[in-house]
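My entries follow in the order in which I made them.

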2 protein chains.
Amino acid sequence: MIPFAVIGIDHRHCYTMAAHIQSAGGRLVGWATDGEPGTLDGWVRRFPDAPRRAAADLLTDPEVALILTAAVPCDRPGIAVAALEAGKHVLSDKPGALSRAQLDEIRAACTRADRHWAVDFSERFEVPGVTRADALVRDGAIGEVLDVTLLAPHRLNAATRPDWFWDRGRNGGILADIGSHQIDQVLHFAGTDEAQIVLAEADCLLRPPFQDRGRIALRAGRATGTILLNWFTPDGLPTWGDGRLFLTGTRGTIELRKYVDPAGQPGTDHVILVNDAPPERIDAAGDPLPFFSAFLCGLDGPLGPHPFKVTELAIRAQEMAEC
Amino acid sequence: MIPFAVIGIDHRHCYTMAAHIQSAGGRLVGWATDGEPGTLDGWVRRFPDAPRRAAADLLTDPEVALILTAAVPCDRPGIAVAALEAGKHVLSDKPGALSRAQLDEIRAACTRADRHWAVDFSERFEVPGVTRADALVRDGAIGEVLDVTLLAPHRLNAATRPDWFWDRGRNGGILADIGSHQIDQVLHFAGTDEAQIVLAEADCLLRPPFQDRGRIALRAGRATGTILLNWFTPDGLPTWGDGRLFLTGTRGTIELRKYVDPAGQPGTDHVILVNDAPPERIDAAGDPLPFFSAFLCGLDGPLGPHPFKVTELAIRAQEMAEC
């Protein structure tokens with residue numbers, strides 16, 4: 001069991017991130033957070049046995065091997081660097097950093113401390129249907145992936161959002177924030193960490209200066225990646241967003257309806273495969289989520305470039321959109 | 001009954017275009033085509049009573065009020081200009097022109113002759129589900145349209161394609177050709193004929209120099225438009241392409257699965273509406289196709305800018321992608 005702690009529970013992603021690390025072999029030894037975020041009650045309900053402790057106490061506790069953070073986005077890089085310097089590995093909610101300078105500091109701290117920093121791209125790592133899509137691609141079911149298209153609408157939930165959600169300086173902007181999820185998927189399915197951003201847009205339409213629509217186009221090897229983001233999920237949708245992943249390969253296609261099949265089948269993780277054979281629908285809701293145990297097992301190995309590359313591209317996209 | 005003729009049946013779009021004009025009140029008085037295109041047998045089977053005549057004969061026949069053309073794309077502008085100069089209206093298969101110079105000639109000929117030129121954007125005008133999406137948008141079902149996204153895969157059917165299909169000089173390129181369909185839809189649903197192209201790409205992946213993947217990003221008023229094109233429809237799909245239209249509005253979304261609901265419901269024209277109410281599925285296969293009668297009724301009215309604007313943008317996109 002790997003003892004871990006959580007510093008910053010401001011985004012509700014803390015719930016599933018901590019739960020998945022527990023399931024993968026982590027033991028939650030304590031948590032810290034600033035003030036009383038709206039996520040607090042839900043956190044205590046989910047993790048009633050873990051004690052609230054001071055962040056400094058967790059950072060100096062020699063038992064703690066790993067720090068998770070879902071703090072306010074602008075605070076995550078500082079928490080990550082402090083944790084790395086204290087000899088802990090770090091798993092951050094996305095976005096993991098909001099500027100190149102922050103990312104450089106994290107990278108340098110990883111090198112100095114010989115510790116890992118990773119980002120929980122939950123729209124891949126916490127979606128069983130992606131596991132299935134991944135397996136199908138790896139097995140050659142659609143040939144070489146030539147296009148990755150992501151529709152990523154999110155529900156605004158304006159009434160329950162904390163102050164920092166509305167503040168570009170603290171949330172990082174729509175591309176750095178929810179865009180990083182999708183950049184992760186483009187790189188993953190394109191099979192490369194090298195990509196060029198050929199278009200990046202962030203628009204403030206309904207509640208300026210809040211960025212509520214974003215678009216990113218990438219080229220990654222032979223594949224194109226197209227990302228459409230917004231905060232316009234309609235009230236009637238029974239979940240937070242009708243997230244879709246479309247993969248086009250040399251000999252087939254995969255569509256993943258991640259969280260809902262609107263006016264269609266019940267449940268989540270609907271994979272639709274078409275190749276030489278007729279269209280096939282696969283219920284992938286029971287597929288495993290291998291990221292978390294792979295992350296824990298890999299902590300003794302070399303530091304991978306992927307979360308750095310994704311975060312760098314997301315920051316670059318945000319810069320391009322705002323220049 | 002408006003007497004019309006067809007000059008050039010090289011693309012099989014001639015079948016439905018002529019049939020729809022017949023249904024809307026046209027009377028086919030004859031047709032001409034160069035040589036023996038692969039579409040000839042199918043044409044004669046569908047229109048056994050219409051005589052094959054010389055193109056010059058049709059152009060000088062005072063009875064003929066309208067010329068349709070689905071000739072090889074590079075030949076369409078010349079046919080259109082000749083028809084206009086002979087005092088006929090013109091309805092062209094897309095693409096209607098492959099260069100700005102051709103488009104300028106058509107526009108000038110329309111003005112001189114006081115005749116109409118239009119393009120049959122069949123992926124809108126011949127799709128009943130678009131009629132329904134249109135009605136829903138007009139009725140305010142999703143509020144103001146803020147994004148139009150089109151997935152437009154097409155089946156290559158390599159074995160049955162004529163020479164000109166593979167020749168950039170004669171087909172106009174993937175963006176000018178099948179891209180023009182989608183640009184039409186972006187402008188239509190954005191409610192404007194003014195748009196900026198912010199990204200245009202045409203890639204030759206599997207059979208260079210044939211362009212088999214394209215991408216266009218537009219901004220049209222407050223709306224964004226994203227167009228993904230390819231010739232990669234897998235063999236197992238029971239139709240030529242899994243064309244999708246996604247509309248995102250201020251208070252709802254519409255997805256249209258135009259030609260197939262893969263591994264889902266049978267039939268075509270599946271409209272999925274989500275707004276304040278829960279997701280609703282609408283079978284729109286029986287909806288009317290109002291374009292053709294509106295076109296015939298409008299021939300006495302002023303010439304609209306729409307087909308010119310679409311074609312201009314498609315040509316511009318093709319130029320940007322190849323520069």
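**Disulfides.** I searched the whole structure and found 0 disulfides over all chains, a disulfide being a pair of cysteine sulfur atoms within 2.5 Å. I took Cys297(A) as a case: its sulfur is too far for a bond, because the closest cysteine sulfur, in Cys110(A), is 19 Å away. Cys297(A) counts as exposed at 65% relative accessibility. For these classes, buried means under 20% relative accessible area, exposed over 50%, and partly exposed in between (1.4 Å probe, protein chains only). Cys323(A) is in no disulfide either, and the nearest cysteine sulfur, that of Cys204(A), is 14 Å from its own. Cys323(A) is exposed, at 83% relative accessible area.

**Ground rules.** I note that this is a predicted model, in which local features need pLDDT of at least 70 and side-chain atom pairs count only at pLDDT 80 or more, while totals for chains, interfaces and linings use all residues. Residues are numbered from 1 along each chain as its sequence is written, chains are lettered from A and ligands numbered from 1 in the order in which they are written, and side-chain values use heavy atoms, with hydrogens and water left out.

**Chain A as a whole.** I counted 11 helices and 13 strands in chain A; these are DSSP runs numbered from the N terminus, helices being H or I with at least four residues and strands E with at least two. How does the radius of gyration of chain A relate to the globule rule? The radius is 19 Å, close to the 20 Å that the rule gives for 323 residues, so chain A is as compact as a globular protein of that length. The radius is taken over C-alpha atoms, and the rule is 2.2 Å times the number of residues to the power 0.38. The C-alpha trace spans about 55 × 45 × 35 Å along its principal axes. Of the 323 residues, 61% count as buried.

**Domains.** Chain A is divided into domain 1 (2–120 + 290–304) and domain 2 (124–283), with bounds from an automatic or database domain assignment. I found their C-alpha centres 25 Å apart. Across the boundary, 17 residues of domain 1 are in contact with 13 residues of domain 2, contact meaning heavy atoms within 4.5 Å.

**Record check.** UniProt, in an unreviewed entry, places "domain: GFO/IDH/MocA-like oxidoreductase" at residues 131–255 of chain A. UniProt positions are in the numbering used here, feature names are shortened, and annotations may be inferred rather than shown by experiment. I get 20% helix and 34% strand for residues 131–255 of chain A, with the end C-alpha atoms 13 Å apart.

**Helix 7 of chain A.** I listed the buried residues of helix 7 (residues 128–138); among them are Val130(A), Ala133(A) and Val137(A). Just after this helix, Gly140(A) has a positive phi of about 85°.

The peptide bond from Lys94(A) to Pro95(A) is cis, with omega near -10°. I placed Pro95(A) in the loop between strand 4 (89–93) and helix 5 (100–113) of chain A. In chain B, Lys94(B) and Pro95(B) are also joined by a cis peptide bond, with omega about -5°.

Asn157(A) is not a glycine, yet its phi is positive, about 50°. Asn157(A) sits in the loop between strand 6 (145–153) and helix 8 (168–171) of chain A, and is partly exposed, at 40% relative accessible area. Asn157(B) has a positive phi of about 50°, and is partly exposed at 38%.
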